[in-house]
Amino acid sequence: MAEVLILRERNPGECRVAATPETVRRLLARGLTLQVEQSAGLAAGYADHEFEAAGGRLVAPGPELGAGVDAVLCVNPPAAEVLDQLRPGTLLAGLLSPYGAIALVEQLQTRRVSALALELLPRISRAQSMDVLSSQANIAGYKAVLLASAALDRYVPMLMTAAGTIQPARALILGAGVAGLQALATARRLGAVVYVSDVRPAAKEQVESLGGRFLSPPEQEERPAEAGGYAKAASEAFLAAQRQQLADQLALADMVICTAQVPGRRAPLLISDEMLAGMRPGSVVVDLAVAQGGNCAGTVCGQTVERHGVRLIGGDGLPSSVANHASALYARNLAALVEHVLGEDGFNLDQEDPIVAGCLFTHDGACRFPDLVSGAN
């Protein structure tokens, strides 16, 4: 019977957990045994006694944490001392930040750990129930609009009062991926008039189905598309034309949500300092790409700053600020992946399976994606 360990996250500000009492019961029903580190779910609203009631066994933190288990489930990469306890062949699954992770890869190779990096999970129909990036981006888009609305110096919906009519706020969303579409839906529910810009003309139908107004990308001979469910990086010429197009829209916007990211690369700079200077004082920009360099000039990771009278919110780690539901969704994604690789005699990492092949980061002492680690992608 395979033994699975659920770790308590140690990164500052990380409140999520890789399993919930619901998924503990789910994995127990599949024949696994679950160890849960004490206080693992406390920051996400899941008490130790709930894990025990679900059938998990609480274990105390210590120098031998991780020793003897068959799999470790986490949100962020475990501490080096935990990895040092893992025996060869142990399965590790989580958001491992594989891009440029040289030290982590060296340790995983030394310990001969089989690591599934959830960032690399292919976006195919069979893997939808395992798609951690989508479930967490959904939360980020939702929370970004709430932050923008709270920081805004005016109402969001249209209001008719005895003192006259208040016009609705105008929201501009850059990027119509999962986060952008959820931001659109949330802003619409709050009553804003929402405009959405995306480099992919195909996003128009999705935007309009949610009640948004799509800003068609500038005419270019070669337009960006997408690969594997992710937007491809656009050329600098295309982005320059898009920034010119956005300048007029930014001048009219009350709140702007930036979501444009390309995995493993610096986020495209869409809002320059000059464009910020043209925005209305009191308007708000929430930059969800701030950890990758930012879509907006001047944003600071995890901070709110003011520039040219515009409030800039560095929206890093927003899923962790909605830790209970973020953990519930993340844990279900992870449970679906564990069930997918679970065989009759333990974990079966079939490298002919596109799901496994897409996210099996290290295996049998080797890194399968050396270009991602070296930065040559």
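This report describes salt bridges in a predicted model.

## Basis of the model

Local features require pLDDT of at least 70 and side-chain atom pairs count only at pLDDT 80 or more, whereas totals for chains, interfaces and linings use all residues. Residues are numbered from 1 along each chain as its sequence is written, and side-chain values use heavy atoms, with hydrogens and water left out.

## Salt bridges and the strand pair

The structure contains 17 salt bridges, each defined as a side-chain nitrogen of Lys or Arg within 4 Å of a carboxyl oxygen of Asp or Glu. One of them joins arginine 57 to glutamate 3, with an N to O distance of 3.1 Å. Arginine 57 belongs to strand S3 (residues 57–59) and glutamate 3 to strand S1 (residues 3–6), so this pair ties together parts 54 residues apart in sequence. Helices (H or I, at least four residues) and strands (E, at least two) are DSSP runs, numbered from the N terminus.

Glutamate 3 is buried, at 17% relative accessible area, while arginine 57 is partly exposed, at 44%. Buried means under 20% relative accessible area, exposed over 50%, and partly exposed in between (1.4 Å probe, protein chains only).

## A buried pair

Arginine 16 and glutamate 14 form a salt bridge whose closest N and O atoms are 2.9 Å apart. Arginine 16 is buried at 9%, and glutamate 14 is buried at 13%.

## A network between loops

Arginine 280 and aspartate 254 meet in a salt bridge at 3.2 Å, N to O. Arginine 280 lies in the loop between helix H9 (273–277) and strand S15 (284–287), and aspartate 254 in the loop between helix H8 (236–252) and strand S14 (255–258), so the pair ties together parts 26 residues apart in sequence. Aspartate 254 is buried, at 5% relative accessibility. Through shared partners, salt bridges join Asp153, Arg154, Asp254 and Arg280 into one network.
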